[in-house]
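Thank you all for coming.

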Amino acid sequence: MKVLVTGATGFVGGNLARELCARGYEVRALVRPGSSVLTIEDTSVERVEGDILDRESVRRAAAGRQAVFHCAAAYTFWSKDPQGVRRANVEGTVNVLQCAAAAGAERIVYTSTVSTIGMPKDGGLGDEDTPLTPRALHGHYKQSKFEAEREALRLAEPPPRGEGLPVVVVNPTAPVGPWDVKPTPTGRIVLDFMRGRIPAYLATGLNLVDVGDVSAGHILALEQGQIGKRYILGNRNVTLKEMFAMLSRITGRQAPRVRLPYWLVVGAGYVEQAVSGGLLGREPTIPVEGVMASKKPAWVSSQRAVQELGLPQSPVEWALEQAAEWFAAHGYLDPSKYRARS
């Protein structure tokens, strides 16, 4: 099958493109001019220059493709240009979905995020049917992804409300593994731990998943997913403290023992945002949006994807080790200071 992947120079899209090639798909990638192509180097991926905000370049890239995976997004909890984040995530999504359908794509898989999944008030696990309250949409990234997913699901509806596009939505949780080139916020936690830059932890939690399983989940959604439906691609709910304990066993570094109160970290984030983001114009190391989003553990259930798609559930410890080894091997830290202990 001939497929197009947007965002193939990023973490999820890059791993997906590599997996598609390994399975014999004919893969084309829409690549912004000047972007690093490390994630798809030494692969058979065909590169087409363009931008998801440029409909003509999207049309060229989608021509002759039987399926499209739209993974490209502005994934950041801080930006000098918040409106640019919205344009990329919302307008870019509409462009890709409409151009893919116009080019004759039989199936489109849109990569959303766990951030659009609601959390039950009683502290249970969120799932695809849990409503999301507006109060949970902290910051421009989550707001833009929520709006983008809403547009994707609307476009999948039949006329007159929608356009009847063959869209399936997937919601990855917190993927970890190799080829996290930027890195993502979750990958940065792993890297900062390895660098010894995490002296304390917050009482929060997340759902970890092997990025290889996320790639498989995208392909399963293409092959078996129901149009207009969304699927959480996740695995194991852990506290941040448990994640650090796993990283400690993998790397030999001591896990932080001090727990910081939420209000203190938020306050420090605002101060640093004013200095680093406001005065120096660089990304803060403590993004307020990210901290506020972590106030409540993002624990969800992936049973729909497991039962309906057959989503793999690989050990997250293995995914964390793969991430650590990849960072050590690709110059993100001194490899002599990292020794896998598993």
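R59 counts as partly exposed, at 39% relative accessibility, where partly exposed lies between buried, under 20% relative accessible area, and exposed, over 50%, for a 1.4 Å probe and protein chains only. E56 is partly exposed as well, with a relative accessible area of 39%, and the side chains of E56 and R59 meet in a salt bridge of 3.2 Å, N to O. By salt bridge I mean a side-chain nitrogen of Lys or Arg within 4 Å of a carboxyl oxygen of Asp or Glu. Both E56 and R59 sit in helix α2, residues 55-62, where they are 3 residues apart, about one turn of the helix; helices (H or I, at least four residues) and strands (E, at least two) are DSSP runs, numbered from the N terminus.

Before going further, a word on the basis: this is a predicted model, in which local features need pLDDT of at least 70 and side-chain atom pairs count only at pLDDT 80 or more, while totals for chains, interfaces and linings use all residues. Residues are numbered from 1 along each chain as its sequence is written, and side-chain values use heavy atoms, with hydrogens and water left out.

The structure holds 14 salt bridges, and another of them joins R86 to E91, with the closest N and O atoms 3.7 Å apart. R86 is partly exposed at 28% relative accessibility, as is E91 at 37%, and R86, E91 and E147 are linked in a network of salt bridges.

What does the pair K229 and E308 tie together? K229 forms a salt bridge with E308, its closest N and O atoms being 3.1 Å apart. K229 lies in the loop between α6 (211-224) and β10 (230-233), whereas E308 belongs to helix α10 (residues 303-309), so the pair ties together parts that are 79 residues apart in sequence.

Turning to the packing, a nonpolar core here is a set of buried Ala, Val, Leu, Ile, Met, Phe, Trp, Tyr and Cys residues joined through side-chain atoms within 4.5 Å. The largest has 34 residues, of which V5, L20, V27, I40 and F69 touch the most other members. Elements giving two or more residues to this core include β1 (2-6), α1 (11-22), β4 (67-70), α6 and α10. Leaving aside residues up to four places away in sequence, F69 has contacts (heavy atoms within 4.5 Å) with residues including V3, V5, L20, V109 and L222. Apart from this core lies another, of 29 residues, among them A174, V238, A323 and Y332.
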